[in-house]
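Let's take a friendly walk through a protein model. Have the sequence and the 3D view ready, and follow along as we go.

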Amino acid sequence: MIDLQLADKTHDEERQGEALILEAPKVLNARKLYIESYGCQMNFADSEIVASILLDQGFETTGDYHEADAIFINTCSIRENAEQRVRNRLSQFGIEKRRNPKLIVGVLGCMAERLKSKFLEEEKLVDMVVGPDAYRDLPQLIEQVGEGQKAINVLLSREETYADISPVRLNGNGITAFISIMRGCDNMCSFCVVPFTRGRERSRDPHSILAEAQDLFDRGYKEVTLLGQNVDSYKWKGAAEAEDSAEIMVNFAQLLEKVALISPDLRIRFSTSHPKDITDEVLYTIKKYDNICNNIHLPVQSGSSRVLDLMNRTYTREWYINRINAIRNIIPDCAISTDVIAGFCSETEEEHQETLSMMDYVGYDFAFCFSYSERPGTLAARKLEDDIPEEVKKRRLQEILLKQQVSSLQRLQASVGKKVRILVEGFSKKSDQDLCGRNDQNAMIVFPAAENIAPGQYVNVIIERCTSATLLGRIAD
């Protein structure tokens, strides 16, 4: 049986529920913070902002919730099973709270606004509920709980970007890091809760982004991933340096170039792109700079124009194919990953086949695939009937997964015999005799360790063979 690699960088299944820890000197009598994160990269990046705010308040992080003074879960509302996992964890933390009544338990992030009353009042699972735009208010909210009150702030903001907060790097390898370049989303996809839980789009000041990237590079980091719900719609307008000059406008292609120019030794990735917004200017910028990785995550969701219209994706099958053709023409060796939804409202068998044919046309390197799950409060939940039987959804999803298994393996096999440049990230999970790192296309390469090779170095590796998820090779030089 072929293993399917689903580990694209938008939603890393291996990190779900990870306790985030800052390696730092212990502080005498410091309060201990345990923070657990679910969902996409944005949530993990937000947990670093939360930790930064609370470290300034005298907290230190811990990986053992039994010794914590405050437990926070940074939540995701994208999928139903994520909510169930959070509820299960809250029940476990409730047992600890009965043992230690002074323990503060809080829910942060996307689930906060939607389920605030249930968590606080009906089910009484938590002391505090904090939305993604209210993390600056955490010290006051913690103080409020300490005085015996419940605390809540789920207000969304049109300005908050946390641009002035330097995130601590939790569980970091000291080599790769995330940089949030924008927050919120203006794309009202009918199946998605993000616009309601994270608010409207606002782009971060490019100067603060460049300063953060430069600081990371100066501290030895070799790769940054620029994050946004839709990075291609990044747009910042600011005052020009000269009084008689027009306002400065910076789009995503220009920001990408500015970050790439920090150093040719700083590798750049980004996520996530939207098919309606990704421009040829972005593609030519990627082509121009060797340190911008040839790897684009371009969610398709469905191969049917009618279903895409119901999803309010604002592009057609033909438009998506046009963008794929542009990527292949401008950046021939670019890896493309995607998201696919099986069994959306009223999807016919013929429309499912259109999704499968789209997968054949593109030949995705990776895919994150799941069956449709109605999310309360979305346009689809209000206007469309979730009328595809579960057994049909499961069967269609399985067909999508099987097709992606073949595609992923074929894309990896195409690298066998080639010499590739990789950034060494550390030892392989399976053996301390092997090192691992990713190539430009985000594929994982494992190769025998050598005395003169260390994490953070770039090395050339000759690919000798592959599994369904990993390339295996040897040092070329």
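Here is a short tour, starting with the whole chain and then moving on to some of its parts.

## The big picture

First things first: this is a predicted model. If you boxed in the C-alpha atoms along the principal axes, you'd need roughly 65 × 60 × 60 Å.

How does the radius of gyration of the chain compare with that of a compact globule? A compact globule of 477 residues would have a value near 23 Å, and the chain has 23 Å, so the two agree. Of those 477 residues, 56% count as buried. Take the contacts between residues at least 6 apart in sequence: 72% of them join residues at least 24 apart.

## Inside the core

Nonpolar side chains tend to be buried together in soluble globular proteins. In this model, the largest nonpolar core has 70 residues, and Ile181, Leu226 and Phe252 touch the most other members.

Let's zoom in on Leu226. Leaving out residues up to four places away in sequence, its contacts include Ile179, Ile181, Val231, Phe252, Leu256 and Ile268. Leu226 also touches Arg269 and Ser271.

## A trio of cysteines

In an unreviewed entry, UniProt lists Cys185, Cys189 and Cys192 under "binding site". Cys185 sits in the loop between strand 9 (182-183) and helix 5 (194-198), and Cys192 is found in the loop between strand 9 and helix 5 too.

Is Cys185 buried or exposed? Its relative accessible area is 8%, so Cys185 is buried. Cys192 comes in at 16%, and therefore counts as buried as well. Who touches Cys185? Setting aside residues up to four places away in sequence, the list is Val194, Pro195, Gly199, Arg200, Glu201 and Gln229.

## Helix 10 and its cover

Helix 10 covers residues 317-330, which makes 14 residues. From its first C-alpha to its last it reaches 20 Å, close to the 20 Å expected at 1.5 Å a residue.

An α-helix has 3.6 residues a turn, so residues three or four places apart point the same way. Keep that in mind as you look for the buried residues of helix 10, among them Tyr320, Ile324, Ile327 and Ile330. What covers the buried residues of helix 10? The cover includes helix 8 (280-288), strand 15 (295-297), helix 9 (305-310), strand 16 (335-342) and helix 11 (349-362).

## Strand 19 and its two partners

Strand 19 (residues 434-438) is largely enclosed by the rest of the structure, because four of its five residues are buried. It runs antiparallel to strand 18 (residues 419-427), with four bridges joining them. Gly426 has Cys436 in strand 19 as its bridge partner, and a hairpin of six residues links strand 18 to strand 19.

Strand 19 also pairs antiparallel with strand 20 (residues 444-448), through five bridges. Here Arg438 has Met444 as its bridge partner.

Most residues other than glycine have a negative phi, and most peptide bonds are trans. Asn442 has a positive phi near 75°, and lies in the loop between strand 19 and strand 20. With a relative accessible area of 3%, Asn442 is buried.

Gln301 also has a positive phi, near 70°. You'll find Gln301 in the loop between strand 15 and helix 9, and at 6% relative accessibility it counts as buried. Finally, the peptide bond from Ser271 to Thr272 is cis, with omega near 10°. Thr272 belongs to the loop between strand 14 (267-271) and helix 8.

Definitions and conventions. Residues numbered from 1 in each chain as written. Predicted model: local features only at pLDDT ≥ 70, side-chain atom pairs only at ≥ 80, totals over all residues. Heavy atoms only, no water. UniProt positions renumbered as here; feature names shortened; annotations may be inferred. Helix = DSSP H or I, 4+ residues; strand = E, 2+ residues; numbered from the N terminus. Buried < 20%, exposed > 50% of the residue type's maximum accessible area, 1.4 Å probe, protein only. Contact = heavy atoms within 4.5 Å. Expected span 1.5 Å × (residues − 1). Pairing = 2+ DSSP bridges. Core = buried A, V, L, I, M, F, W, Y, C linked by side-chain atoms within 4.5 Å. Rg over C-alpha atoms; globule rule 2.2 N^0.38 Å.
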